[in-house]
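Reader: I would like to learn how to read a structure feature by feature. Where do we begin?

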Amino acid sequence: MPVGFRINRSWTRVDTATVDSFRALPVANVSDAMSRLSSAGPRLRPMHRSGTLAGPALTVRSRPGDNLMLHKAIDMAEPGDVIVMDAGGDLTNSLMGELMLAHAIKRGVGGFVLYGAVRDAEAFLARNLPVFALGVNHRGPYRDGPGEIGYAIAFDGMSIAPGDLVLGDMDGVLSVAYGDTPAVLAGAQKKHQGETRQMEETEAGTFDRSWVDKALERGGCTYSG
C-alpha cells in the first residue's frame, strides 16, 4: 500500500453518547479544559449560518486543489461522521460545492472541516450543514489524487486521528483525542457549570469582583491621581 495514496477502512470512533454530551457544551469551555492548547486556527471559519459541529473524525489528506479522496470519503462516511480534510491550506481551488454538499447531506455526514476553500457559498448558508473552511473560491478542483483516508493528519497546531472527536461552533474548531474524551468532558462540564453560576450572579448583581484588586495587589500595581 503506497504511502500517500491509500485508504484505511477501519478505526474506532468516539461513541454517540460522548458526542451528544460534548455537543451541549461551548467549544470555548472544551478548549479551556484542554489548557487552551488545541485549536485548528482562527482562519477556519463557519461557512454555515448557525449550529454546532460534533462527531467522530473521518480524516482525509490530499494535495492542494484535489478532491478525489474527498469524494471517496463522502461515499465511505457513516452517519454522523465529520470529514476533516488537510488540503495544504491552499485557496487556489475549491474542494467542494453545492453538489457534493447535497450528496453528503443525503449520506448523513455530520459536517466538514476543510483546510482549504469551498465554492457555492450561498448553498452552504442555505443548507446549513456545519462546515468550516479557510475561504471561498469559484475555481473548481482537480480529481486525480493522490491522497489518504483514515490516517492521522495535522494542521495549524491541531492533530486529528480517525475516530477522534471533532467540535466546532461560531468560535472555531478543535479536536479531542479519542482516549482523552472522558477527562476533557468532565473538565469542560465543570467549567460550564461554573460559568453558568457566574452569569446568574452577574445578572443578579452579586458576583464577587474582589479578585481584580487582589490580582493587581499581587502584581505590585501602583495608583496615581
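**Reading the fold and its charges**

Author: Begin with contacts. Residues 24 or more positions apart account for 76% of the contacts in the protein with a separation of 6 or more. Keep in mind that this is a predicted model.

Reader: How many helices and strands does the protein have?

Author: There are seven helices and 12 strands. The C-alpha trace spans about 70 × 40 × 35 Å along its principal axes.

Reader: What share of the residues counts as buried?

Author: Burial is read from relative accessible area; under 20% is buried, over 50% is exposed, and partly exposed lies in between. Of the 225 residues here, 43% count as buried. The protein exposes about 11,600 Å², and carbon and sulfur atoms supply 52% of that area.

Reader: Take Ser-31. Is Ser-31 buried or exposed?

Author: Ser-31 counts as buried, because its relative accessibility is 16% and the cut-off is under 20%. The residue sits in helix α2, residues 27-33. Leaving aside residues up to four places away in sequence, Ser-31 touches Arg-36, Ser-38 and Leu-174.

Reader: Now the charges. How far apart are the mean positions of the positive and negative charges?

Author: They are 5 Å apart, for 23 positive and 26 negative charges.

Reader: How many salt bridges does a search of the whole structure find?

Author: The search finds 10. To read one, look for a side-chain nitrogen of Lys or Arg within 4 Å of a carboxyl oxygen of Asp or Glu. Arg-13 and Asp-81 form such a pair, with the closest N and O atoms 2.9 Å apart.

Reader: Where in the chain do Arg-13 and Asp-81 lie?

Author: Arg-13 is in the loop between β1 (5-7) and α1 (16-23). Asp-81 is in the loop between α3 (68-76) and β4 (82-86). The pair links distant parts of the chain, 68 residues apart. Asp-81 is buried, at 1% relative accessibility, whereas Arg-13 is partly exposed, at 22%.

Reader: What about Asp-144 and Arg-63; how far apart are their closest N and O atoms?

Author: Those atoms are 3.5 Å apart, and the two residues form a salt bridge. Asp-144 lies in the loop between β7 (131-136) and β8 (147-149), and Arg-63 in the loop between β3 (53-62) and α3, so the pair ties together parts that are 81 residues apart in sequence. Asp-144 counts as exposed at 53%. Arg-63 is partly exposed, at 32%.

Reader: Which residues do salt bridges with shared partners join into one network?

Author: Asp-32, Arg-36, Lys-191 and Glu-195.

Reader: Which residues gather in a patch of negative charge on the surface?

Author: Glu-200, Glu-201, Glu-203 and Asp-208 do. Residues in such a patch have over 30% relative accessible area and no salt bridge. Take Glu-203 as one of them. Glu-203 is found in helix α6, residues 181-204. Its relative accessible area is 66%, so Glu-203 is exposed.

Notes: Residues numbered from 1 in each chain as written. Predicted model: local features only at pLDDT ≥ 70, side-chain atom pairs only at ≥ 80, totals over all residues. Heavy atoms only, no water. Patch = residues over 30% accessible without salt bridge, like charges linked within 9 Å, V, L, I, M, F, W, Y side chains within 5 Å. Areas by Shrake-Rupley, 256 points an atom, 1.4 Å probe, with all protein chains shown as cover. Lys, Arg positive; Asp, Glu negative; His and termini not counted. Charge placed at Lys NZ, Arg CZ, Asp CG, Glu CD. Helix = DSSP H or I, 4+ residues; strand = E, 2+ residues; numbered from the N terminus. Buried < 20%, exposed > 50% of the residue type's maximum accessible area, 1.4 Å probe, protein only. Contact = heavy atoms within 4.5 Å.
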